[in-house]
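Here are my notes from going through the model you sent over.

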Amino acid sequence: MKVFHLSAECYPVAKVGGLADVVGALPKYQNMAGLQAAVVMPYYNRKFVQENVFDIVFQGATLLGTRRLYFEILKEQTDKLGFELYLVKIPGLLDREEIYSYPDETEQFIAFQLAFLDWISYSQQSPDIIHCHDHHSGLVPFLLQHSKLYTRLANITTIFTIHNGQYHGAFGWDKLSYLPEIDLTKTGLLDWAGGINPLATAVKCCWRYTAVSPTYLRELSISSNGLEYLFYIERAKGSGIINGIDTEVWNPEKDPMITSKFSIKQITKGKQANKEALCTRFSLAPELPLISFIGRLVVEKGADLLAAAMEQSINEHPGKVNFLILGAGDKETEIELLQLKAYYPEQCNVVIGYDEALAHLIYAGSDFLLMPSRVEPCGLNQLYALRYGTMPLVRSTGGLKDTVIDFGDEGGYGIRYDNTSVEDICEAVNRALVLFDNTKQLQALRKIMMTLDFSWDRSAAEYNDLYKSLNPII
Ligand code: ADP
Ligand code: GLC
């Protein structure tokens, strides 16, 4: 079965968040299970692209309104990521450094989708599945079925995975001319709330959609930035498949990015060595419990509450707790956090920016990982933390609810709380500090965390079952 994954991100080529981790791992595990899975993404002028060798496998031109765009499809020569990697390059549009936030983002992602469709159409390819991720590839299921240009491809099965239902990629009807000739009786499929909405279009037109956790699937019809009713009426097409983690990249026994590699047998010693390295680097005391946060500093992640919660905890437990933050995002939150660091230099440190290697060391060297998310479709940080014996403190939502059981409940190994509030975060911190003093219980829980299996094998099998249910003869 031949599968093309279409995505704006893929680790290690270009990453902003978990979408990259998923698209960089799922196809590899699908190939190990006997599928032929490939990734197609925009070309970005970044380190991975500069350091690897690519062949030009196709050259063509596509029309974006009245603009003729010449494009190339590049293929990484050695399939070193465990799958075929194709990049769509369009000079001036898809050859830049950043992934998002250009003013012509609409043009950027429409051109990406058109070039992909033109390529597979003209090169006579017939994949069995086109698997689209998030709104950046959300128009593909519609175009396959309702554009005359791609009639030959109309029967290809399309799957759409929602990693983040808050972002829709919506734009005005004045840009309809960017699309190739379509069946005008079907324009209703493009519409939501008076605009063209690629996320809504994908949900309406794909064969099946998935959300990245069962709880998030349910939450989409309660809160999805205006698409609640759509998710409610289309619910029969949806399923929830929890993400896995790439256990080759995230492996405390082999991780080259941490100071001291460790297995479950040396868990106490191993974590302590990594914690000491972290604390030396960030001027914190290694004997105190270390609570960390890694992620985008945005309201979705509850990052706006971090400074107030940390200040309250530091005042409630003077000299008894350390905090470390790694992230970037909303300027106001960044400033608040930096002010807190200046005020309490011995109990908290803050790194503003993106640092993959430091993230690995923080998962390995922290005692607890804080995730006060308002919205968390799946969340990968808690899964990485568990793999490195670090207890997640999570708000009970989306994938956090599906993957973290409170240690007070049977079989539990984490701390869960209900509200995105400073009070609930501080209460979770209080529980973590009591647990930290109970060394035996904490050690036993760390062992449980490290034996949990969140590898992709199980989740990849669920995607494969979904593909097969739609393509029974393959
Ligand atoms: P989201 O995709 O919503 O940002 P996830 O939990 O799914 O959240 O994935 C976040 C991914 O991005 C993880 O791999 C995490 O380690 C990484 N990450 C987020 N922010 C940073 C940062 N500032 N530096 C390094 N890695 C980061
Ligand atoms: C999104 C979500 C995150 C999820 C990731 C990968 O960015 O915010 O919760 O883990 O996608 O699916």
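1. Start with β6. Five of the five residues of this strand are buried, so β6 is largely enclosed by the rest of the structure. Bear in mind throughout that this is a predicted model.

2. What covers the two faces of β6, in terms of its own residues? On one side sit Ile129, His131 and His133, on the other Ile130 and Cys132, and all of them are buried, so both faces count as covered by the under 20% cut-off for relative accessible area.

3. Now look at the strands beside β6. With β1, the pairing is parallel and runs over four bridges; Phe4 has Ile130 as its bridge partner in β6. With strand β7 (residues 157-162), the pairing is again parallel, over five bridges.

4. Nine strands make up an open sheet, ordered β3-β4-β5-β2-β1-β6-β7-β10-β11, and the pairing is mixed. At the edges are β3 (54-64) and β11 (238-240), each of which pairs on one side only. On average, neighbouring strands here are turned by 25 degrees against each other, direction ignored.

5. A quick look at the β11 end of that sheet. Strand β10 (residues 208-211) runs parallel to β11 and is joined to it by three bridges. If you want a pair to click on, Tyr209 has Gly238 as its bridge partner in β11.

6. Which helices lie on this sheet? Two to check are α1 and α3. Helix α1 lies across β1, β2 (36-42) and β6, and runs at about 155 degrees to β2. Helix α3 packs on the sheet too, touching β1, β2, β3, β4, β5 and β6, with its direction at about 115 degrees to that of β3.

7. While you are on α3, pick out Gln113, which belongs to this helix (residues 105-122). Is Gln113 buried or exposed? It is buried, because its relative accessible area is 3% and the cut-off is under 20%. Apart from neighbours within four places in sequence, Gln113 is in contact with His136, Ser137, Gly138, Leu139 and Val140.

8. There is a second sheet to look at. Six strands form it, in the order β14-β13-β12-β15-β16-β17; this sheet is open and its pairing is parallel. Its edge strands are β14 (348-352) and β17 (415-417), each pairing on one side only. Neighbouring strands in this sheet are turned by 15 degrees against each other on average, again with direction ignored.

9. Strand β12 (residues 290-297) pairs with strand β13 (residues 322-329) in the parallel sense, over eight bridges. Ile294 has Leu326 as its bridge partner in β13. Helix α10 (residues 331-343) lies across β12, β13 and β14, and runs at about 145 degrees to β14.

10. Some backbone spots deserve a second look. As background, most residues other than glycine have a negative phi, and most peptide bonds are trans. The peptide bond from Tyr11 to Pro12, however, is cis, with omega near 5 degrees. You'll find Pro12 in the loop between β1 (2-6) and α1 (18-32).

11. Asp79 has a phi of about 55 degrees and sits in the loop between β4 (67-76) and β5 (84-89). Gln124 has a phi of about 60 degrees and sits in the loop between α3 and β6 (129-133). How exposed is each? Asp79 is partly exposed, at 29% relative accessible area, whereas Gln124 counts as exposed, at 55%.

12. Tyr229, Tyr232 and Ile233 make a nonpolar surface patch of about 350 Å². Of these, Tyr232 lies in helix α7 (residues 228-233) and counts as partly exposed, at 44% relative accessibility.

Conventions: Residues are numbered from 1 along each chain as its sequence is written. Chains are lettered from A and ligands numbered from 1 in the order in which they are written. This is a predicted model: local features need pLDDT of at least 70, side-chain atom pairs count only at pLDDT 80 or more; totals for chains, interfaces and linings use all residues. Side-chain values use heavy atoms; hydrogens and water are left out. Buried means under 20% relative accessible area, exposed over 50%, partly exposed in between (1.4 Å probe, protein chains only). Contact means heavy atoms within 4.5 Å. Two strands pair if DSSP finds at least two bridges between them. Axes are lines fitted to C-alpha atoms, for helices over the stretch in contact, and angles run from 0 to 180 degrees between N-to-C directions. Patches are made of residues with over 30% relative accessible area and no salt bridge: like charges are joined within 9 Å, nonpolar side chains (Val, Leu, Ile, Met, Phe, Trp, Tyr) within 5 Å. Accessible areas come from the Shrake-Rupley method with a 1.4 Å probe; for residues, only the protein chains shown count as cover. A salt bridge is a side-chain nitrogen of Lys or Arg within 4 Å of a carboxyl oxygen of Asp or Glu.
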